[in-house]
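Please keep the sequence and the coordinates at hand while reading.

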Amino acid sequence: MGNDTVDSGLSRTVLYDLHVELGGKMVPFAGYEMPVQYPQGIMKEHLHTREQAGLFDVSHMGQVKLMGEGRAAALETLVPVDVIGLGANRQRYGLFTNDAGGIRDDLMITNAGDHLFVVVNAACKEQDIAHMRESIGDRCEVQALDDRALLAIQGPAAGAVMARIAPDTRNMVFMDAASVEVAGIPCFVARSGYTGEDGFEISVPEDRAAELAHTLLHQPEVKPIGLGARDSLRLEAGLCLYGHDIDTDTSPVEGSLLWAMQKVRRPGGERAGGFPGADVVARHLAEGVARKRVGLLPQTRVPVREGAELVDGEGTTVGRVTSGGFGPTIGGPVAMGYVPSELAAVGTELQAMVRGKPQPAVVAKTPFVPQRYYRG
Amino acid sequence: MSVMKFTKDHEWVRLEGDGTGTVGITDYAQEQLGELVYVELPEIDAEVEQGVEAGVIESVKAAGDLKSPVTGSVVEVNEALADEPGKINEDPLGEGWVFKVKLAEVSGADDLMDQAEYDEYVEEQG
């Protein structure tokens with residue numbers, strides 16, 4: 001996290017030199033200089049990840065440790081998620097909500113046994129940490145892990161690669177987490193990621209991150225992957241990009257993220273409510289919402305990108321695309337966006353306006369590509 | 001004899017010597033854009049103006065304008081790019097041409113860079 005800040009005001013992860021050495025094209029992202037792509041290019045990087053394995057530097061994300069007896073109950077006051085019921089060495093997706101039921105950030109929550117390990121988005125990490133300290137700092141210790149890097153290895157060969165250099169990961173299944181040695185380096189590993197593929201996220205001490213990255217890159221299946229392919233991979237997997245597909249103005253119900261809210265935290269559940277905006281979310285659940293996030297499959301080759309207006313058969317603007325682009329695995333454009341609930345059924349035909357021209361797009365089921373998580 | 005000329009926006013035009021010019025983007029441009037996934041071609045007979053958007057070129061990353069390097073009217077477009085926009089990546093100065101124009105009387109071609117000037121310009125871009 002912390003890392004060097006250069007003259008540009010941008011921070012660098014501990015792997016900056018490696019990215020440059022690998023020919024990464026560095027661009028500003030969430031306050032960091034990050035590789036958007038390497039010489040092989042976004043398309044090949046994307047396809048390589050789906051076919052073999054890709055290595056991603058996600059050290060710009062915030063890693064936080066919550067310690068103390070009441071940590072799980074405390075975190076439940078900020079997220080509509082079952083944290084208390086999260087088993088040891090298990091991980092789950094979560095959302096920080098605000099008082100209006102909107103989403104402040106999305107995060108990964110892991111029960112690491114004697115503490116909770118939380119990973120938040122780079123762009124939100126300062127405010128998330130401040131939010132946790134302010135709201136639950138009296139109930140648990142909120143410790144920002146500034147001395148750790150985060151690497152992700154994703155793709156169908158990730159399991160074999162990790163089994164080779166970290167045999168202890170062999171029996172882990174999707175969303176399992178464990179403290180294990182990876183290539184002799186003590187790491188905290190979760191079998192998850194954000195590409196729709198099997199894979200691992202590896203929290204590693206910063207001073208050994210380059211060594212770990214080199215070891216991973218020496219595996220024949222592994223190539224470095226930049227942010228460009230990370231975005232097209234998560235889009236094809238139907239996963240939200242915070243600040244685009246979900247934000248402070250979208251509730252978990254509008255964002256079609258109800259699956260992230262376990263029954264125990266929903267109205268009628270044993271620990272219903274008790275998080276910011278719970279009343280709004282309960283109302284959205286009971287009465288339904290006016291608009292919803294859906295997948296969209298444009299029917300021509302024209303990429304439909306973020307910001308494109310969605311219009312109905314009468315030419316009335318009914319919604320907006322929040323993420324969109326070319327899906328290399330699909331071999332065509334893919335998108336997601338918000339539409340009125342009555343137009344959210346799979347198969348609904350809409351038009352997306354691109355440079356003033358309507359392009360047909362159909363509401364589609366996500367993920368656009370099959371999830372290939374390893375469930376044992 | 002044909003002559004290649006270049007713009008600061010990394011388009012090229014090959015002046016064929018018969019009052020027409022063939023237009024495309026340079027190798028530097030295709031490399032900067034990355035793999036192309038869609039090309040919006042101008043219409044036949046469309047009037048194009050030097051420095052003004054005549055088409056759109058989209059990579060995985062983003063959409064970019066294709067500005068016409070010269071003023072004139074479109075006489076032919078490279079239909080093959082509709083299905084294979086990657087031709088621009090593979091052969092930007094050849095099979096990846098985008099459209100052909102009949103040059104206007106004042107086409108602006110004289111204001112463009114020649115090969116040596118363009119090479120120097122690209123060098124400066126780093």
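In this predicted model, strand β18 (residues 349–354) of chain A runs antiparallel to strand β19 (residues 357–364) of chain A, and 6 bridges join the two. The hairpin that β18(A) and β19(A) form has 2 residues between the strands, and Arg355(A) takes a positive phi near 50° there. Strand β18(A) also pairs with strand β15 (residues 309–311) of chain A; these two strands are again antiparallel, with 2 bridges between them. Val311(A) stands opposite Gln351(A), and in β19(A) the bridge partner of Gln351(A) is Pro360(A).

The domain assignment provides the next level of description. Chain A is divided into domain 1 (1–287) and domain 2 (290–364). The centres of the two domains, taken over C-alpha atoms, are separated by 28 Å. Where they meet, 14 residues of domain 1 of chain A are in contact with 15 residues of domain 2 of chain A. On the domain 1 side, the elements that give two or more residues are α2 (42–51) and α7 (227–236) of chain A. Of the elements on this side, α2(A) gives the most, with 4 residues. By class, the side of domain 1 that touches domain 2 consists of 4 nonpolar, 6 polar and 4 charged residues.

The buried residues are Ile42(A), Met43(A), Glu45(A), His46(A), His48(A), Thr49(A) and Arg50(A). Their cover includes the strands β2 (32–37), β3 (53–57), β9 (148–154) and β13 (222–224), together with α7, of chain A.

The largest nonpolar core holds 124 residues, and the members that touch the most others are Leu75(A), Ile109(A), Val118(A), Leu151(A), Ile153(A) and Val189(A). Both domains of chain A take part in this core, each supplying at least three residues. Val189(A) shows what surrounds one of these members. Beyond its neighbours within four places in sequence, Val189(A) is in contact with Ala166(A), Thr169(A), Ala177(A), Ala178(A), Val180(A), Val182(A), Phe200(A) and Ile202(A).

The chain may next be considered as a whole. Chain A contains 8 helices and 19 strands. The radius of gyration of chain A is 20 Å, close to the 21 Å that the globule rule gives for 376 residues, and chain A is therefore as compact as a globular protein of that length. Along the principal axes, the C-alpha atoms of chain A fill a box of roughly 60 × 50 × 45 Å. Of the 376 residues in chain A, 51% are buried. Among contacts between residues at least 6 apart in the sequence of chain A, 66% join residues at least 24 apart.

Finally, chain A touches chain B. This contact takes 14 residues from chain A and 9 residues from chain B. On the chain B side, the elements that give two or more residues are β4 (36–40) and β6 (53–59) of chain B. The residues on that side comprise 5 nonpolar, 1 polar and 3 charged.

Key. Residues are numbered from 1 along each chain as its sequence is written. Chains are lettered from A and ligands numbered from 1 in the order in which they are written. This is a predicted model: local features need pLDDT of at least 70, side-chain atom pairs count only at pLDDT 80 or more; totals for chains, interfaces and linings use all residues. A nonpolar core is a set of buried Ala, Val, Leu, Ile, Met, Phe, Trp, Tyr and Cys residues joined through C-beta atoms within 7 Å. A residue is buried if 20 or more other C-beta atoms lie within 10 Å of its own, exposed if 12 or fewer, and partly exposed in between; C-beta atoms are placed from the backbone. Domain bounds come from an automatic or database domain assignment. Two residues are in contact if their C-beta atoms, placed from the backbone, lie within 7 Å. Ala, Val, Leu, Ile, Met, Phe, Trp, Tyr, Cys and Pro count as nonpolar, Asp, Glu, Lys and Arg as charged, and the others, Gly among them, as polar. The radius of gyration is taken over C-alpha atoms; the globule rule is 2.2 Å times the number of residues to the power 0.38. Two strands pair if DSSP finds at least two bridges between them.
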